[in-house]
Amino acid sequence: MNLYEAILLLNNRQECENFLKDLCTPKELKDFNDRWEIAKLLDEGQLSYREIAEQTQASLTTITRVARFLKDEPYRGYRTLLDRMKQND
């Protein structure tokens, strides 16, 4: 079983949080959370990259990278979850 399949076996938020805390360093978790926040802000479309940088303390390089993955890359991971969140509202 690979990591992706293992993640799919998690049953709830607490299990996910515990697993990620075991798997990742605090810095890695912060980086993941920052990227996710950036993706949500970019998807809302209300703020410029500089405003997002000010709000999140992320670099413009990180914001640009998230934007590229959100819009141009074929994986569509950010898009999939953002769309699902909208459906659940």
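Trainee: Why is tryptophan 36 called partly exposed?

Mentor: Its relative accessibility is 23%. Buried means under 20% relative accessible area, exposed means over 50%, and partly exposed lies in between, with a 1.4 Å probe and protein chains only. Tryptophan 36 therefore counts as partly exposed.

Trainee: Where do these values come from?

Mentor: This is a predicted model, in which local features need pLDDT of at least 70 and side-chain atom pairs count only at pLDDT 80 or more, while totals for chains, interfaces and linings use all residues. Residues are numbered from 1 along each chain as its sequence is written, and side-chain values use heavy atoms, with hydrogens and water left out.

Trainee: Is tyrosine 78 buried or exposed?

Mentor: Tyrosine 78 has a relative accessible area of 19%, so it is buried.

Trainee: What makes tyrosine 75 exposed?

Mentor: Tyrosine 75 has 60% relative accessibility, and therefore counts as exposed.

Trainee: How many aromatic pairs are there?

Mentor: The count is 2. Rings of Phe, Tyr and Trp (its six-membered ring) pair if their centres lie within 6.5 Å; planes under 30 degrees apart count as stacked, over 60 as edge-to-face and the rest as tilted.

Trainee: Why is the pair of tryptophan 36 and tyrosine 78 called stacked?

Mentor: The ring centres are 6.5 Å apart and the planes stand at 20 degrees, so this pair is stacked. Tryptophan 36 is in helix H3 (residues 26-44) and tyrosine 78 in helix H6 (residues 77-88), 42 residues apart, and the pair links distant parts of the chain.

Trainee: What makes phenylalanine 69 and tyrosine 75 a stacked pair?

Mentor: Their ring centres lie 6.0 Å apart with the planes at 20 degrees, so this pair is stacked too.

Trainee: Which residues touch the most other members of the largest nonpolar core?

Mentor: They are Ile38, Leu42, Ile52, Ile63, Val66, Leu70 and Tyr78, out of 13 residues in that core. A nonpolar core is a set of buried Ala, Val, Leu, Ile, Met, Phe, Trp, Tyr and Cys residues joined through side-chain atoms within 4.5 Å. H3, helix H4 (49-56), helix H5 (60-71) and H6 each give two or more residues to this core.

Trainee: Which residues does isoleucine 52 contact, leaving aside neighbours within four places in sequence?

Mentor: Isoleucine 52 is in contact with Ile38, Leu41, Leu42, Leu47, Gln57 and Ile63. Contact means heavy atoms within 4.5 Å.

Note on methods:
Helices (H or I, at least four residues) and strands (E, at least two) are DSSP runs, numbered from the N terminus.
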